[in-house]
Amino acid sequence: MNRSITNHDEIREWAAARAGKPALIAVPTGTGGAKDTVSFEFGQVRHGSDNNESATHTQRLVEWDEWFAAFDAGDLALVVPEGVDGQVDENHQFLKR
């Protein structure tokens, strides 16, 4: 079972419990520009919109305020599996609310 999180404090707590840091990935739009997509960095592994990101995508760590601005502008929700006692799972996805 999954749960959807939109509350900023809950998202921050979820990421902190997994040593996750807020990041944005600049994804080319095809018109010469780029659109920021929310992501997390867990240690040396980056998790974002998909696992097949090409070298043209640029990820950067950001402050939470900038991350939440992109999260809210995209009208997103963080969807995570319901917690299982004794387990900390990094699995997640971002979906439209």
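This is a predicted model: local features need pLDDT of at least 70, side-chain atom pairs count only at pLDDT 80 or more; totals for chains, interfaces and linings use all residues.
Student: Why are β1 and β7 called edge strands?

Tutor: Look at the order of the strands: the open sheet runs β1-β6-β7, with antiparallel pairing. β1 (2-5) and β7 (93-96) each pair on one side only. Neighbouring strands of this sheet are turned by 35° against each other on average, with direction ignored.

Student: Which helices lie across this sheet, and at what angles do they run?

Tutor: There is helix α1 (residues 8-16), which lies across β1 and β6 and runs at about 125° to β1. Helix α2 (residues 64-73) lies across β1, β6 and β7, running at about 100° to β6.

Student: What makes Ile 11 stand out in the largest nonpolar core?

Tutor: The number of partners it touches. Of the 18 residues in that core, Ile 11, Phe 40 and Trp 67 touch the most other members. Elements giving two or more residues to the core are α1, β3 (34-42), α2 and β6, and α2 gives the most, with 5 residues.

Student: Which residues is Ile 11 in contact with, leaving aside its neighbours within four places in sequence?

Tutor: Contact here requires heavy atoms within 4.5 Å. With those neighbours left aside, Ile 11 is in contact with Ile 5, Thr 6, Phe 40, Trp 64, Trp 67, Phe 68, Phe 71 and Leu 78.

Student: What share of the chain is called buried, and what does the word require?

Tutor: A residue is called buried if its relative accessible area is under 20%. Buried residues make up 33% of the 97 residues in the chain. As for the surface, the accessible area of the chain comes to about 6,200 Å², and 46% of it belongs to carbon and sulfur atoms.

Student: And what share of the contacts joins residues 24 or more positions apart?

Tutor: Among contacts in the chain with a separation of 6 or more, such residues account for 58%.

Note on methods. Residues are numbered from 1 along each chain as its sequence is written. Side-chain values use heavy atoms; hydrogens and water are left out. Two strands pair if DSSP finds at least two bridges between them. Helices (H or I, at least four residues) and strands (E, at least two) are DSSP runs, numbered from the N terminus. Axes are lines fitted to C-alpha atoms, for helices over the stretch in contact, and angles run from 0 to 180 degrees between N-to-C directions. A nonpolar core is a set of buried Ala, Val, Leu, Ile, Met, Phe, Trp, Tyr and Cys residues joined through side-chain atoms within 4.5 Å. Buried means under 20% relative accessible area, exposed over 50%, partly exposed in between (1.4 Å probe, protein chains only). Accessible areas come from the Shrake-Rupley method with a 1.4 Å probe; for residues, only the protein chains shown count as cover.
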